[in-house]
Amino acid sequence: MPGDGGFARVIDVLPEMLAALGETGLMVLITVPIAIVVAVPAGVLMWVARPGGLRPAPRLYLVVNATVNLVRSFPFLVLLIAMIPITRLIVGTSVGTLAVTVPLAVNAVAYLSRFVEQNLLQVSPGVIEAATAMGASKRRTIWSVLLVEARPALAGSVTIMIVSFISYSAIAGLVGGGGIGDFAIRYGYYRYETAVMITAVLVMIALVQLIQLAGTLTVRRLDKRL
Amino acid sequence: MITLTGVTKRFTGPDGPLTAVDNVDLHVPRGSVQGVIGFSGAGKSTLIRMINLLERPDTGSVLVDGEELTTLDEESLRRRRTKIGMVFQQFNLLENLTAGQNVELALRVAGLPKAVRAARVAEALAVVDLADRAGSYPSKLSGGQKQRVAIARALANEPSVLLCDEPTSAVDPRTTITVLRYLKEINERLGITIVLVTHEMNVVKAIADDVAVMEDGKVVEHLRLDGSPLQPRTEISRFLLDDELRLGPTDVAAAKEARRAG
Ligand SMILES: Nc1ncnc2c1ncn2[C@@H]1O[C@H](COP(=O)(O)OP(=O)(O)OP(=O)(O)O)[C@@H](O)[C@H]1O
Ligand SMILES: [Mg+2]
C-alpha cells in the first residue's frame, strides 16, 4: 500500500532510483557537451560582432542576441511543450529521456551563450589591445588571448549550467524524461511516499554539491590571478 | 625612423565631435628617444596609437622605417606590427600565462617555430633581468617586474620601434627609475627607436632626445634635450617644467583674507 512504506521502502525502490540517476547522467552527458560546443562559439560570436567589438557586425549581433533572449524568455515547461514537433523531427518521438534532451539542450545553449558572452566581456580590453598591437590576427586573439583569459570564468559558468540543469531535468519528467528529479516527484507528489522522496532529494543535494565542488576546484586550478 | 605627416584623428565625444589629434607632424630619427608630454586629454595616447595604427588616422601619413602603414592591407599590417613593440600603462599581460609564456605569445603571433622560441624568450627576459622569473604568473610579480616582462614581450620580435604609453604611470618613483634605465639601455644597446608618452617632465628629461609638447591635439612646441638650458616658449611647457606643486590659495583661505581686509 503506497504512502506508508517508510524508509524500508527505499530499499525496494533502490534499483529504480539508480536507474533514474542513470537517466539524469545520460541527460547531462548528452546535453552538456552539445551546450558547450554550441554556446562557446555563439558567445564568442556575440563578443566579436557586438558594437565596438573585434569585428562589429550589428545585424548579426542583433539576430543572435534576440534569439538567445527569445529562448530564455520561455518558461522551461512551455519551451518543452512548444518544441514537441521539433523534438519529434529530430529523435522521432517526443517522449522519453532522449526526446527530453532536445529542449534541455536548446535551453542550456541559450543560457550558456549569454554566460559565455558575459565572461568574455570581463576580459580586460587592454589585453586584447596588446594582442592587436603585437600583430595577432583575430583568430589568434580569440584562441590564444580571449579564451585563455576567460577560461576560469567559463568553467564557472559551465558548473552553474550543469547544476541548474538538474533542476530543469526534473520538469522533463512530465513528458517521460525520467531522471532523479522526476523520480522524486513521482514518489513524493503522486504516491505520497515521503521517505522515498526525501531520499531522492538527499541524493540530488549530494549530486549538486559534488558538481559544484568539482567546478570550484577546476576554476581554482585554472585561475592564476591569485 | 618614424614620420607622421599631417595626421588628424576625430572622435564623436559626449558633447559632439572632437579633434583628438589635429594635423600633427612628427619626425623621430632612427635610434632616438622621442618624448611626448601634455596634460590629460591632450591627445598623446591617440597620437602614439596612430604609429601602429591601433588608431587609424582620418587624414595624414604614417611612415615607419620608410614604409607607409595606412595603405597596407590587414595581413601586411599585422606582419608589420610584429616589428613595432608596444608597452602600456597597465602592463596588459595575460594573467593566466606565466612571464615566459607571455613573451612567447609575441613569438607565436609572429609565427616563430617552437624550436627557436625558448631561446628567444630567455634572451628577451634576460634583457630586463628577469630570466629567473620565467615561470612566475603576473599575480606573483611586482608592478615594476610586470612592466619589465611587458618590455621583454615587446622586444621579443626584435622590433625597430618601441612605443611606450605612460609606462611608468602605474609604478612608484623608484621603480620608475628602474624601468627608465631598461628603456635607455635598450635604446643605446639595441638601437631601438623609442616613443615615450608621459605627463611627467622628469620622465622624459631622464631619457628623451626631444620632447613634443601637446595641447588640444596639437604639438605646440619641441624641447630639445641636448644638455643646453631649456627655453620653454609656451605657458604649458613652463608649467610642466615647474616641478613644484603650487596649489594657490584655497577658497577658505581667500574668505579669511577677505574678512581680515574688510
Ligand atoms: N575612442 C575614443 N572615443 C571618443 N573619444 C576619444 C577616444 N579616445 C580618445 N578620445 C578623446 O580624445 C581626446 C584625447 O585623448 P587621449 O587619450 O589621446 O589623451 P591623452 O593625452 O592620452 O590623455 P591622458 O593623459 O589622460 O592619457 C580626449 O578628449 C579623449 O576623451
Ligand atoms: Mg593617454
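**Close-up views of a predicted two-chain model**

**View 1. Salt bridge between B:Arg49 and A:Glu129.** In this predicted model, the side chains of B:Arg49 and A:Glu129 form a salt bridge with an N to O distance of 2.6 Å. A salt bridge is a side-chain nitrogen of Lys or Arg within 4 Å of a carboxyl oxygen of Asp or Glu. Between chain A and chain B the count is two salt bridges. The model is predicted, with local features needing pLDDT of at least 70 and side-chain atom pairs counting only at pLDDT 80 or more, while totals for chains, interfaces and linings use all residues; side-chain values use heavy atoms, with hydrogens and water left out. Residues are numbered from 1 along each chain as its sequence is written, and chains are lettered from A and ligands numbered from 1 in the order in which they are written.

**View 2. The interface of chain A and chain B.** The contact (heavy atoms within 4.5 Å) takes 23 residues from chain A and 24 residues from chain B. About 2,000 Å² is buried between the two chains, 57% of it on carbon and sulfur atoms. Buried area is the accessible area (1.4 Å probe) that two parts lose on being put together, summed over both. On the chain A side, A:Ala133, A:Met134 and A:Lys224 lose the most area to chain B, together 31% of what that side buries.

View 3. Helix 6 (125-134) and helix 7 (138-172) of chain A each supply at least two residues of the side that touches chain B. Helix 7 of chain A gives the most to that side, with eight residues. Helices (H or I, at least four residues) and strands (E, at least two) are DSSP runs, numbered from the N terminus.

**View 4. Salt bridge between B:Asp22 and B:Lys218.** The closest N and O atoms of B:Asp22 and B:Lys218 are 3.2 Å apart. This pair links distant parts of the chain, 196 residues apart: B:Asp22 is in strand 2 (residues 16-28) of chain B and B:Lys218 in strand 10 (residues 218-224) of chain B. Over all chains the count comes to 21 salt bridges.
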